[in-house]
Amino acid sequence: MAPLALGDRLWQRVVARLTDAESLARLARMPIARWFARRDATRLFDLVAGFTYSQVLMACVTGGVLDALRDGPRTEDALVHRTGLAPERLTLLLRAAQALDLVRPAAGGQVMLGRLGAACLGVPGLTAMVAHHRALYDDLRDPMALLAGPERTELADVWAYVHRGGIGSIDAQIAADYSRLMSESQAAVARETLAQVDLSRARALLDVGGGQGMFLRAVAQAAPHLRLGLFDLPQVVAGLGLPAEVFGGNFKEDALPQGFDTISLVRVLFDHSDADVAALLARVRAALPPGGRLIISEPMAGDRQPGRAGDVYYALYTAAMITGRTRRPQDITAALGAAGFAVDRVHADRSPEVTRVIEAHVPAPPAAG
């Protein structure tokens, strides 16, 4: 074993005390240490019990409790009718939801939305994603088996769109389900992305893997001067009414359309393996002219230290997809460099649970002579 640095040796002494019951009991009697002990006990309990919190949220979403309260307070009798639960079981659910600030009591024995319950309804696509988590819960039943790298998972079957590859293996219903879920969650991603990038000098933007065009709709409003294009699988783009040119194809196999000076990859790379990412970036590089820009926007792992969004939730989610993984900004910039891009900016991690943005461009060729 490598020798420990001073800071690591000091921390190891703390660890020795925290893992010893008698030492921990003595620390708990000291005023300052007692505060830390209580704080850590609460945090530890949340780690242990967190899965029950998520199930209460799932029940409130799939049972229609939050939707029923959207327009105002309801009586418990009305919620019994809505959920189909026995009164005593509904009371159990509502008390749990109140503890989590999803609901709150109102006058006359009624129930109304709590702060987090209202926020759940206010974030586009969030309740759809919560309902979709059933597949992820199945895969997380045995986390060690998931981390070992199974050949099949429930989530990979949901995302057969990505996992199975070729166009011929993807039926229209799978494509429609995938696109609808992505579209419902895309509004917040588009808003955060467009708040950070400047499109005033761009002339034409192609969104690759853009699904039903939710990002492009937001771009059309923010930058109406742009000519827009969408490239995705034929089953996805068929029949879309968009203010954009629509191209059907598979970016794993087909060259990308040319004639655009900006290309966006929004929540695309983390769905795919390193080899597929390298091949896609090469296709993007080939499609762009010198000086052409690439915008990458997706959840990322932490750069200086792991973060809860990228290194816990999205990391496990993409592991369950089998094909993808969350990457650190430096991993993406290295892949960009290998593909021949120059990185312009890695934007600050303003909203890690939604997205992070990296911008790059195609360098001009060196002058002759």
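This is a predicted model: local features need pLDDT of at least 70, side-chain atom pairs count only at pLDDT 80 or more; totals for chains, interfaces and linings use all residues.
Seven strands form an open sheet with mixed pairing. Their order is E6-E5-E4-E7-E8-E10-E9. Strand E6 (245-248) and strand E9 (342-346) are the edge strands, and each pairs on one side only. From one strand to the next, the twist averages 20°. Strand E8 spans residues 293-298, and strand E10 spans residues 356-361. These two strands pair in the antiparallel sense, over six bridges. Within this pairing, Ile295 has Glu359 of E10 as its bridge partner.

Two helices lie across parts of the sheet. Helix H13 (residues 214-222) lies across strand E4 (204-208), strand E5 (227-232) and strand E7 (262-266). H13 runs at about 175° to E5. Helix H15 (residues 274-287) lies across E4, E7 and E8. The angle between H15 and E7 is about 160°.

The nonpolar interior was examined next. In soluble globular proteins, nonpolar side chains tend to be buried together. In this model, the largest nonpolar core has 27 residues. The residues with the most contacts inside this core are Val208, Ile263, Leu265, Val284, Leu294, Leu336 and Phe341. The elements E4, E7, H15, E8, helix H17 (329-338) and E10 each give two or more residues to the core. H15 gives the most, with five residues. Ile263 illustrates the packing. Neighbours within four places in sequence aside, Ile263 is in contact with Leu206, Val208, Leu256, Val284, Ala287, Leu288, Arg293, Leu294 and Ile295. A second core is separate and has 22 residues. Val189, Leu199, Phe215 and Leu242 are among them.

Side chains of opposite charge can pair when their charged atoms come close. The whole structure contains 15 salt bridges. One of them joins Glu245 and Arg227, at 2.4 Å from N to O. Glu245 lies in strand E6 and Arg227 in strand E5, so this pair ties together parts that are 18 residues apart in sequence. Glu245 is partly exposed, with a relative accessible area of 35%. Arg227 is also partly exposed, at 36% relative accessibility.

Arg327 forms a salt bridge with Asp274, and the closest N and O atoms are 2.8 Å apart. Arg327 lies in the loop between helix H16 (308-321) and H17, while Asp274 lies in helix H15, so the pair ties together parts that are 53 residues apart in sequence.

Asp67 is partly exposed at 40% relative accessibility. Arg70 is partly exposed at 45%. Elsewhere, salt bridges link Arg39, Asp40 and Arg43 in a network.

Helix packing was considered for one pair. Two packed helices are described by the angle between their axes and the distance between the axes. Helix H5 comprises residues 76-83, and helix H6 comprises residues 87-99. Their axes come within 10 Å and cross at roughly 100°. H5 is therefore roughly perpendicular to H6. On the H5 side, the contact is made by Glu76, Leu79, Val80 and Thr83. On the H6 side, Pro87, Leu90, Thr91 and Leu94 make the contact.

Most residues other than glycine have a negative phi. Asp101 is not a glycine, yet its phi is positive, at about 65°. Asp101 lies in the loop between H6 and strand E2 (103-106). At 31% relative accessibility, Asp101 is partly exposed. Arg267 likewise has a positive phi, of about 55°, although it is not a glycine. Arg267 is found in the loop between E7 and H15. Arg267 is buried, with a relative accessible area of 11%, because burial requires under 20% relative accessible area.

Notes:
Residues are numbered from 1 along each chain as its sequence is written. Side-chain values use heavy atoms; hydrogens and water are left out. Two strands pair if DSSP finds at least two bridges between them. Helices (H or I, at least four residues) and strands (E, at least two) are DSSP runs, numbered from the N terminus. Axes are lines fitted to C-alpha atoms, for helices over the stretch in contact, and angles run from 0 to 180 degrees between N-to-C directions. Contact means heavy atoms within 4.5 Å. A nonpolar core is a set of buried Ala, Val, Leu, Ile, Met, Phe, Trp, Tyr and Cys residues joined through side-chain atoms within 4.5 Å. Buried means under 20% relative accessible area, exposed over 50%, partly exposed in between (1.4 Å probe, protein chains only). A salt bridge is a side-chain nitrogen of Lys or Arg within 4 Å of a carboxyl oxygen of Asp or Glu. Angles under 35 degrees count as roughly parallel, over 145 as roughly antiparallel, 65 to 115 as roughly perpendicular and the rest as oblique.
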